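Biologist: I am new to this structure and would like to go through it by question and answer. Please show it before we start.

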Amino acid sequence: MNDVQSTERSVPTRASELRRHGLRWAALIALSIGGWALGESVGLTAAGLFSALIVAATLAVTGWGPSRVPRPLGKLAQGVLASAVGLMVHRDTIAALGSMWVPVVSIAAATLALSVAAGALLALHRDVDAVTGSLSMTAGGATGLVAMARELGGDDRVVAVVQYLRVALVVVSMPMIVTFGFRADTGADTVTGTEGGGSEWYVTLPFLALFIVGGTAVASLVRLPAPATLGPLAVSAGFELGGWSDAVAVPPMLMTAALILIGWQAGLAFDRASLRAIGRILPYAALLTVLVGAACAGLGVLLSHLTGASLLEAYLATTPGGLAAVLAVSASTASNVTFVAAAQVLRLVIMLVTTPIMAKVFAHFSSRRRRA
């Protein structure tokens with residue numbers, strides 16, 4: 001008799017749990033979509049990720065959020081984002097660098113070195129480990145780095161907050177620097193996109209499946225760090241450079257969904273203790289971010305000297321983040337958009353490919369030093 005009563009009580013309990021779980025996901029989805037729409041209306045960069053991160057973190061801290069994003073969905077979002085970056089590596093854009101590719105790559109390598117040094121300094125903070133510090137301070141590829149942070153063993157909450165602090169500082173300061181520092185005329189006609197929308201979705205999706213599944217499998221076989229990111233990135237870039245995927249583009253809504261999933265993945269991991277820890281980190285991270293930005297501006301002066309580009313073009317080419325905003329400002333000032341785009345994309349790919357390896361090496365030596 002008692003067993004029967006226990007079973008009767010457990011059925012409505014499970015049903016109520018499922019209903020509560022469904023309501024939490026419904027609230028998360030609805031609020032994130034609303035935040036995305038609001039962000040898009042005001043021109044916010046990566047609006048889907050921002051809104052999803054803030055909504056998920058708020059719900060998680062208040063106890064109203066789901067427990068986590070299912071792991072396969074997180075991997076899929078990483079693959080979609082990595083494929084989108086790989087498809088940006090156009091032959092024409094890279095060819096536009098001409099004889100300037102050596103100084104551009106050298107400046108990108110110097111930016112990576114600056115990022116690693118800043119990451120090492122951030123890792124001195126008691127609330128930051130070596131991998132998290134490296135990923136947080138890398139000057140470029142914010143969404144990709146947030147996506148791969150957990151896979152590399154870092155704290156994706158800290159990486160998300162610090163990376164988007166950098167993006168926000170760049171996006172806010174860049175127009176003022178261009179207008180008042182360079183006295184540039186920002187009234188030029190903005191260049192409109194020259195690329196088509198790509199093939200229909202039913203042509204694009206098989207390519208994306210190949211990039212994501214095939215790339216992740218190969219990267220896992222050769223033991224690359226963050227295979228769900230580096231594998232699809234390498235395969236999609238190879239197809240793009242080989243001329244086999246000229247008509248392929250990630251559908252905008254699929255890209256938005258991937259960014260929202262990545263934002264949820266980081267946001268749902270927040271709790272009150274982590275908020276307090278990040279609050280202690282932020283002043284230190286903000287100072288390092290400003291210093292890295294100033295150092296990148298110095299590298300821009302060097303790039304101008306080495307390539308003959310104007311100081312404005314070199315500054316835009318070395319600005320550490322906010323790719324869409326950089327290209328928009330470049331177009332509005334009648335700068336050499338092709339040069340700026342090529343330098344920025346090349347730096348972005350270098351950062352996403354080398355940072356996971358550098359983070360692992362840095363973490364290895366840091367752990368050995370602690371043991372010693």
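Biologist: Which residue's side chain meets that of Arg280 in a salt bridge?

Modeller: This is a predicted model, so every value here is computed from predicted coordinates. In the bridge that Arg280 makes, the N to O distance is 3.0 Å. A salt bridge needs a side-chain nitrogen of Lys or Arg within 4 Å of a carboxyl oxygen of Asp or Glu. The partner of Arg280 is Asp127.

Biologist: How many residues apart in sequence are the parts that this pair ties together?

Modeller: Arg280 lies in helix H12, residues 272-307. Asp127 lies in the loop between helix H5 (101-122) and helix H6 (130-137). The pair therefore ties together parts whose separation in sequence, in residues, is 153.

Biologist: Are Arg280 and Asp127 buried, partly exposed or exposed?

Modeller: Buried means under 20% relative accessible area and exposed means over 50%, with partly exposed in between. Arg280 has 39% relative accessibility, so Arg280 falls in the middle class. Asp127 has 25%, so Asp127 also counts as partly exposed.

Biologist: How many salt bridges does the structure hold?

Modeller: Among them is the bridge between Arg280 and Asp127. Arg150 forms another with Asp156, and the side chains of Arg157 and Asp155 also meet in one. The number of salt bridges in the structure is three.

Biologist: In the bridge between Arg150 and Asp156, which residue is buried?

Modeller: The closest N and O atoms of this pair are 3.0 Å apart. Arg150, at 38% relative accessibility, counts as partly exposed. At 3%, the residue that counts as buried is Asp156.

Biologist: What is the N to O distance between Arg157 and Asp155?

Modeller: Arg157 is buried, and Asp155 is buried too. Their side chains meet in a salt bridge. The N to O distance is 2.9 Å.

Biologist: Which helix holds Gln265?

Modeller: Gln265 counts as buried because its relative accessibility is 11%. Leaving aside neighbours within four places in sequence, Gln265 is in contact with residues including Arg150 and Asp156. The other residues in contact with Gln265 include Val69, Gly74, Gln78 and Ala147. Gln265 is found in helix H11.

Biologist: How many aromatic pairs does the structure hold, and what is the angle between the planes of Trp25 and Trp264?

Modeller: The structure holds five aromatic pairs. Trp25 and Trp264 form one that is edge-to-face, at 5.6 Å centre to centre. Planes over 60 degrees apart count as edge-to-face, and the angle in this pair is 70°.

Biologist: How many residues apart are Trp25 and Trp264?

Modeller: Trp25 is in helix H1, residues 2-41, and Trp264 is in helix H11, residues 252-267. Trp25 is buried because its relative accessible area is 18%, and Trp264 counts as buried at 9%. The pair links distant parts of the chain, and the separation in residues is 239.

Biologist: Which residues do ring pairs link into a cluster?

Modeller: Phe211 and Phe239 form an edge-to-face pair, 5.3 Å centre to centre with 70° between the planes. This pair links Phe211 in helix H9 with Phe239 in helix H10 (residues 227-241), 28 residues apart. Phe211 is buried, with a relative accessible area of 0%. The cluster consists of Phe207, Phe211 and Phe239.

Biologist: Which residues touch the most other members of the largest nonpolar core?

Modeller: That core has 67 residues. Its largest share, eight residues, comes from helix H2 (residues 47-62). The residues that touch the most other members are Leu28, Leu135 and Trp264.

Biologist: Which residues make the nonpolar surface patch of about 320 Å²?

Modeller: One of them lies in the loop between helix H8 (156-181) and helix H9 (201-221), namely Phe182. Phe182 counts as partly exposed because its relative accessibility is 31%. The patch is made by Ile177, Phe182, Val301 and Leu311.

Biologist: How many Å apart in space are Pro175 and Val329, C-alpha to C-alpha?

Modeller: Pro175 has its place in helix H8. With a relative accessible area of 36%, Pro175 is partly exposed. In sequence, Pro175 and Val329 are 154 residues apart. In space, C-alpha to C-alpha, the distance is 7.1 Å.

Definitions and conventions
Residues are numbered from 1 along each chain as its sequence is written. This is a predicted model: local features need pLDDT of at least 70, side-chain atom pairs count only at pLDDT 80 or more; totals for chains, interfaces and linings use all residues. Side-chain values use heavy atoms; hydrogens and water are left out. Patches are made of residues with over 30% relative accessible area and no salt bridge: like charges are joined within 9 Å, nonpolar side chains (Val, Leu, Ile, Met, Phe, Trp, Tyr) within 5 Å. Accessible areas come from the Shrake-Rupley method with a 1.4 Å probe; for residues, only the protein chains shown count as cover. Helices (H or I, at least four residues) and strands (E, at least two) are DSSP runs, numbered from the N terminus. Buried means under 20% relative accessible area, exposed over 50%, partly exposed in between (1.4 Å probe, protein chains only). Rings of Phe, Tyr and Trp (its six-membered ring) pair if their centres lie within 6.5 Å; planes under 30 degrees apart count as stacked, over 60 as edge-to-face and the rest as tilted. A nonpolar core is a set of buried Ala, Val, Leu, Ile, Met, Phe, Trp, Tyr and Cys residues joined through side-chain atoms within 4.5 Å. Contact means heavy atoms within 4.5 Å.
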